[in-house]
Amino acid sequence: MNKPLDTVLLQPAEAFADYLKNAALRIDASAEATAQRNGARVGVSRPHESAHLHVAGEAAYIDDLPELSGTLHAALGLSPLAHGRITAMALDTIRALPGVVAVLSAADIPGPNDCGSIVHDDPILAHVAFNADGSCSGEVRYLGQPVFAVIAQTRDAARRAAARAKDVLTIEALPPVITPQEAHAKAQYVVPPMHLVRSTTPGGARAAIDAAPHRLKDTLSVGGQEQFYLEGQISYAIPLEDGCMKVHCSTQHPTEMQHLVAHALKLHAHDVQVECRRMGGGFGGKESQSGLFACVAAVAARKLNRPVKLRVDRDDDFMVTGRRHCFWYEYEVGYDNDGRVLGAEVTMVSRAGHSADLSGPVMTRALCHFDNAYWLPDVAMHGFSAKTNTQSNTAFRGFGGPQGAIAIENILDTIARTLGKDPLDVRRINFYGKAPSGGAAGAGVSRNVTPYGQQVTDNVIHELTAELEANSSYRARREQIAQFNAHSPVLKRGIALTPLKFGISFNVKHFNQAGALVHVYTDGSILVNHGGTEMGQGLNTKVAQVVAHELGVAFERVRVTATDTHKVANTSATAASTGSDLNGKAAQDAARQIKARLATFAAERHGGASGADPAAVTFSNDQVHVAGKTLAFADVVAQAYTERVQLWSDGFYATPGLSWDRETMQGRPFFYFAYGAAVSEVVVDTLTGEWKLLRADVLHDAGRSLNPAVDIGQVEGAFIQGMGWLTTEELVWHPADGTPRAGLLTTHAPSTYKIPTANDCPPVFNVKLYEGDNTEDTIHRSKAAGEPPLLLPFSVFFAIRDAVSAVGGHRTDPPLQAPATSEAILRAVTAVAAAARRAG
């Protein structure tokens, strides 16, 4: 059986060898070795390009960079209340503390006091206006909002001074709004509501629901999730000559940081350089929200003309920054005797927090993923991004897609239980089709068109699910579980198979572009720079593989350098699972231009008297083959240089065929879809609510994978991370009870916020990539593997639901909310048992 690596690290050497042997079975090592001998550098497994540095502790992150002489350290003074009016700030008290050099407020920002990503409603520091008499007026919008910044000689001195915020701020408390439901009731939103409607029959969703043989009406609550990156938010700002600024920033979006810092300092973009070699994790939390830290560090560095570093600790990171949006759903569905959905209406309300940030695009993606892998003939979806006095929520792996898809999965699970059917059968009957329908639901209408009007032309969910069903022995195991539960009054087992369909591309068309630079040096070594950022996901590894493959050289000849706004300009965020698609294509474009020049040169120089056709020149295994001759790649490069052949090139790529109308919510927002499915089996202790994942079988569609080992690692990591979101990771804010603690995030540290550990990995964890190509012209026909696999652990949640349902003989639908903590599971078990007793 295939055990997760972390669960066997402390086992005897024989057990570790057994793990490696079984893990290798997931990848056809023999075929990969043959491909490499034949010159392939993509489609083969390679270690992460920085793996040797990671394990040796030599990979440099921003806090590892040598500090320049005179470097100062910043810390943030945070609001102690969730909502209120600032009437006084005794900042001189802070300035007098030991080691403090300066204390900055919003008044010290040269440019606009704003770091909003889309809507300009997100202050860098709380808006405060100082009056002539020394008083001030301002507003705090959440508990933990930065109000001022302390700049000190040491980080410890800065933090100690900033911790005095509650002693120097005079704030008149106002009633906070904490829950999305309360904000929704007040019609309080950060962006206008969204509505996505599709009608295939007269009367649309409402009429289809009313006419259906069966109806379902219910609510669901799904919590948010902290990114919990290992490296916290950090920026190191260094003043340069002529008023320019360089910022080392742990960010997924260097260009946005460049723009925000430039605006804050009233500079042009070319005056600001942002660099990021690598992040210690991002998961979306460093897409927009690294901006506040970059701006504070840069403003302080400009004011004091000294380098300034701002690194927040874990508690402050929790209190200041946002995370995955929690969602609350209200839905009504009509369905037939087979479980086929005939009409659905759903209202989604997210906790956006105090500002818009990326809540609008997150809700858009949630609405566009409510269908998941299913044809919904008549549907009406309504999205509301609720404005609350909490941290401004932001991107997180999946970007709203998981929150949209889990609602329809919960609906189908309930339908199956109500009809006494296997949930897999109900899911399968609702799958998107590949041809026009001849059935009752949507007769005469193609069953392969999404509610937003995009045709699903690459559907492999039928074949993929069938393969997983067979290989995981799903049917046999369900029978075995039923027998186990019949004779086990306390421990109950559950199993579930859930599919996924995930759209790949930014919903905003112009973000789907990328640039790259490729330099070939005269010794044959190659340097690459591109607009994507490396956060541990292996992007640089894949881009290096693409360039090595294109130029026919060994992987070791290629080095990828730090992302730098002074090298590749106007980049998009490394997000939406587009990193390899965009930057791989851009790097390929640059490498192809260089190869074409080298081929032309080689054909002229070595093709004989009449020359050779450049198209017949080939590059492989560090060699150039021309007119029957085999030449060393480095030699050809050196010769080309002497003939003044350009050995560097820029590359560019823009994803074709995309369109999106945000008013009508119609178009083709995604270049393609990634698919996958997972089977999970759990056991639940009905006396305590404790549970354990016994086995997980995963089959994921990565197209023609660029690096199977890296992609399998992404799938495994996403599965465990998503499992944490749906089970153990509970965010708790103190309720609006009139006390100063109202709005306090009480789960702001590892002591109270529980992410999965190695012990939560299942003892049997079978992960395999589905064999197939991308039908679209992506980089070597690969597919994204970053975000889509996060939907795979839906199977864990619904397996737990299945186990709880067994308490009542599968006659009662468990009122289980997410995250399914042990407490939530025990409440659901109690409710199901009570219903069973009432039913006799």
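Strand β2 and strand β5 (residues 136–140) run antiparallel and are joined by three bridges. The model is predicted: local features need pLDDT of at least 70, side-chain atom pairs count only at pLDDT 80 or more, and totals for chains, interfaces and linings use all residues. Residues are numbered from 1 along each chain as its sequence is written, and side-chain values use heavy atoms, with hydrogens and water left out.

**View 1. Strand β2 and its partners in a four-stranded open sheet.** The strand order is β4-β5-β2-β7, and the pairing is antiparallel. Strands are DSSP runs (E, at least two residues) and helices likewise (H or I, at least four residues), numbered from the N terminus; two strands pair if DSSP finds at least two bridges between them. The edge strands, β4 (128–130) and β7 (169–173), each pair on one side only. From one strand to the next the twist averages 25°. Strand β2 (residues 84–89) is joined to β7 by five antiparallel bridges. I86 has I171 as its bridge partner in β7 and stands opposite G138 in β5. G84 faces A173 in β7.

**View 2. A five-stranded open sheet with mixed pairing.** The strands follow the order β8-β16-β15-β14-β9. Because β8 (194–198) and β9 (214–222) stand at the edges with a single partner strand each, one side of each is left without a neighbour in the sheet. The twist averages 10° from one strand to the next. Nine bridges pair β9 with strand β14 (residues 327–335) in the antiparallel sense, and R215 has G334 in β14 as its bridge partner. Helix α8 (residues 204–211) lies across β9, β14, β15 (341–353) and β16 (379–387), running at about 125° to β15. Axes are lines fitted to C-alpha atoms, for helices over the stretch in contact, and angles run from 0 to 180 degrees between N-to-C directions.

**View 3. The largest nonpolar core, and F370 within it.** A nonpolar core is a set of buried Ala, Val, Leu, Ile, Met, Phe, Trp, Tyr and Cys residues joined through side-chain atoms within 4.5 Å. This core has 148 residues, and those with the most contacts inside it are F370, I526, F633, F719 and I800. Helix α18 (residues 579–606) gives the most to this core, with eleven residues. Apart from it lies another core, of 52 residues, among them L143, A149, M245 and A262. Leaving aside neighbours within four places in sequence, F370 is in contact (heavy atoms within 4.5 Å) with residues including A344, V346, M348, L376 and I411.

View 4. A366 counts as buried because its relative accessibility is 0%; buried means under 20% relative accessible area, exposed over 50% and partly exposed in between (1.4 Å probe, protein chains only). Not counting residues up to four places away in sequence, A366 touches F327, M348, G400, G401 and G404. The C-alpha atoms of A366 and Q403, 37 residues apart along the chain, are separated by 5.9 Å.

**View 5. The packing of helix α20 (residues 708–727) and helix α21 (residues 794–806).** The axes lie 8 Å apart at an angle of about 40°, and α20 and α21 are therefore oblique to each other. Angles under 35 degrees count as roughly parallel, over 145 as roughly antiparallel, 65 to 115 as roughly perpendicular and the rest as oblique. The contact is made by F719, M723, W725, L726 and T727 of α20 and by F794, S795, V796, F797 and I800 of α21.
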